[in-house]
Amino acid sequence: MDLKSKIRVIPDYPREGISYKDITTLLRDGRAFRYAVQHLAGQCQHKEADLVVCPKARGLMIGAPMAYILGTGLVVLRKPGQLPGEVFTWHYDVEFGGDALEVHRDAIEPGQKVLVVDELLATGGTAHTAIKLVEELGGEVVGAAFLIELTGLGGRYKLRHYDTISLVQYNY
């Protein structure tokens, strides 16, 4: 199946020069959505992960069904202030300043095998932060999986020490 044909490209969004990859068109096509998630999960089956970890919103759309197919647990990373209880926070730099992700301190046990999943790999900032957060809590990152990869932005290089999989690539 040609997944790229199911993804709408919106030029100059959110600002001029950016070519936004809108997966809502893929998500609304049940056959394409199912194919994408099953195909990505199939490529990750051999990793024998205990958990899928994904950032809320973007990653959750792909991470939740992948966890279901793989039979793993699911851990969702959130923006600061959105989780009750004791959390672990990892700060990172983004294009125009700083940001952070949080997770419950007991969400990942030392030694658990973790697959990091997100919708998009661009510069690799969010995925790298997720990986560092997992490792800081004692998890073993067995790989990273993405629906879309924007090649040429350095994301794959930033994740070069991890097995990285993407279904659809755009030259950027």
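1. Two strands are said to pair if DSSP finds at least two bridges between them. Helices (H or I, at least four residues) and strands (E, at least two) are DSSP runs, numbered from the N terminus. By this criterion strand 3 is joined to strand 4 (residues 73–77) by five bridges, and the two run parallel. Within this pairing, Val-53 lies opposite Val-75 of strand 4.

2. The model is predicted: local features need pLDDT of at least 70 and side-chain atom pairs count only at pLDDT 80 or more, while totals for chains, interfaces and linings use all residues. Residues are numbered from 1 along each chain as its sequence is written, and side-chain values use heavy atoms, with hydrogens and water left out.

3. Strand 3 also pairs with strand 7 (residues 113–121), in the parallel sense and over three bridges. Here Val-52 has Leu-115 of strand 7 as its bridge partner.

4. Strand 3 (residues 51–55) is largely enclosed by the rest of the structure, because five of its five residues are buried; buried means under 20% relative accessible area, with a 1.4 Å probe and protein chains only. In a regular strand the side chains alternate between the two faces of the sheet. Leu-51, Val-53 and Pro-55 are buried on one side of strand 3, and Val-52 and Cys-54 on the other.

5. Strand 3, helix 3 and strand 4 form a right-handed β-α-β unit: with the strands pointing away from the viewer, the path from the first strand over the helix to the second runs clockwise.

6. Gly-59 belongs to helix 3 (residues 58–70) and counts as buried because its relative accessibility is 0%. Leaving aside residues up to four places away in sequence, Gly-59 touches Cys-54, Val-117, Asp-118 and Glu-119 (contact means heavy atoms within 4.5 Å).

Notes. Buried < 20%, exposed > 50% of the residue type's maximum accessible area, 1.4 Å probe, protein only.
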